[in-house]
Amino acid sequence: ADNFSDEIVLTNASGGQSGGIFYNQSIDLSTCYQWKVEFDFRMWEGSAADGIAFCFLDVPPTGFVSGGGVGIPATSNGVFVILDTYDNGCGTNPEIQIYQGINYNECGPGMINRAQGMSFLRSSNYQTCRVEYNSGVITVYVNNNLYLTGTYNASFVGYMGFTASTGGSTDKHSLKNVRIFADIAEAEAGADVTICSGGTAQLGSANNPTYTYSWGGANLST
């Protein structure tokens with residue numbers, strides 16, 4: 001019980017806990033070159049925190065999320081943005097990290113980039129994190145301030161979600177106001193037509209002003 005009635009609690013304020021929540025709708029990075037995730041997070045009420053991770057996985061975890069640091073299962077493969085508040089000997093925590101691959105490890109070879117000394121991550125107040133992806137470039141903002149940039153080039157169908165754990169710490173880890181924006185354009189070439197070899201035909205229909213289109217190929221005009 002606390003003053004926030006609209007939150008998702010990933011771990012209660014006691015040790016040895018982990019939890020997670022994932023969307024069951026996938027996003028295909030081969031057709032979606034840009035996405036953005038915004039969420040409010042809070043790590044507080046105990047002695048310390050382990051952390052919260054935003055995950056983009058090729059396969060969503062099934063059942064209860066258990067396993068390694070910040071609740072990420074050891075078999076999970078993908079890209080992660082970690083709000084890591086516990087030092088495992090690899091830097092000055094709290095940190096913001098971008099990690100790729102299988103078996104997340106703060107000291108592992110999959111670390112793309114990290115921003116150290118982020119002491120404000122653990123707070124009694126909710127804070128806002130924004131993760132933006134644009135053709136392989138990931139940027140991480142907290143409270144509208146840019147703290148980290150990294151490059152992750154992959155095209156796979158993946159699932160977005162969050163994990164958290166307390167480990168030997170005892171903070172409650174919670175989220176609210178999670179929003180996902182994905183630029184998946186819709187294209188329609190118009191009614192089907194049949195032409196003979198060497199002939200011409202007009203393609204297209206009214207474009208959606210929300211998107212910008214480009215196309216190309218042999219024997220195409222405008």
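On a 1 Å grid over the protein atoms alone, a cavity is a set of points where a 1.4 Å probe fits but cannot get out, and lining residues are those with an atom within 4 Å of a point. Keep that in mind for the second stop. The model is predicted, so local features need pLDDT of at least 70 and side-chain atom pairs count only at pLDDT 80 or more, while totals for chains, interfaces and linings use all residues. Residues are numbered from 1 along each chain as its sequence is written, and side-chain values use heavy atoms, with hydrogens and water left out.

**The whole chain**

Start with a cartoon view. You will find 13 strands and 0 helices in the protein chain; here helices (H or I, at least four residues) and strands (E, at least two) are DSSP runs, numbered from the N terminus. Along the principal axes, the C-alpha atoms fill a box of roughly 75 × 40 × 35 Å. Of the 222 residues, 39% are buried, where buried means under 20% relative accessible area, exposed over 50%, and partly exposed in between (1.4 Å probe, protein chains only). Now think about contacts, meaning heavy atoms within 4.5 Å. Among those between residues at least 6 apart in sequence, 66% join residues at least 24 apart.

**The cavity**

Rolling a probe the size of a water molecule over the atoms shows where empty space is left. In this structure there is 1 cavity of 30 Å³ or more, and the largest cavity holds about 30 Å³ of space. Such a volume is the space filled by probe spheres set on the grid points, which are joined across faces, edges and corners. Select Trp35, Phe54, Val79, Phe80, Val81, Val131 and Ile138 to see the lining. Which strand gives the largest share of it? Strand S6 (residues 77-84) does, with 3 residues. By class, the lining has 7 nonpolar residues, no polar and no charged ones. In this scheme Ala, Val, Leu, Ile, Met, Phe, Trp, Tyr, Cys and Pro count as nonpolar, Asp, Glu, Lys and Arg as charged, and the others, Gly among them, as polar.

Select residues 51-57, which form S5. This strand is mostly covered, with 7 of its 7 residues buried. Show the side chains: Gly51, Ala53, Cys55 and Leu57 point one way, Ile52, Phe54 and Phe56 the other, and all are buried. S5 runs antiparallel to S6 over 7 bridges, and also to S12, again joined by 7 bridges. Two strands count as paired if DSSP finds at least two bridges between them.

**Strand S13 and Ser169**

Move on to S13, residues 172-182. Strand S4 (residues 34-44) is antiparallel to S13, with 9 bridges between them; Arg42 has Ser174 as its bridge partner there. Strand S1 (residues 8-11) also pairs with S13 in the antiparallel sense, over 3 bridges, and Thr11 stands opposite His173.

Step back to Ser169, in the loop between strand S12 (157-165) and S13. Is Ser169 buried or exposed? At 5% relative accessibility, Ser169 counts as buried. Beyond its neighbours within four places in sequence, Ser169 contacts Ser14, Gly15, Ala48, Ala49, Asp50 and Tyr86.

**Loops worth a click**

- Val70 sits in the loop between S5 and S6. Its phi is positive, about 45°, although Val70 is not a glycine, and the residue is buried at 1% relative accessible area.
- Pro94 is in the loop between S6 and strand S7 (95-102); the peptide bond from Asn93 to Pro94 is cis, with omega near 0°.
- Asn103 is in the loop between S7 and S8. Phi of this non-glycine residue is positive, near 65°, and Asn103 is partly exposed at 44%.
- Phe120 lies between strand S8 (111-115) and strand S9 (123-134), in the loop. It is partly exposed at 26%. Leaving out residues up to four places away in sequence, Phe120 touches Gln127, Val142 and Tyr147. Draw a distance to Val142, 22 residues apart along the chain, and the C-alpha atoms are separated by 9.7 Å.

Terms used: 1 Å grid on protein atoms, 1.4 Å probe; cavity = no way out; pocket = protein on both sides within 12 Å on 5 of 7 lines; lining within 4 Å.
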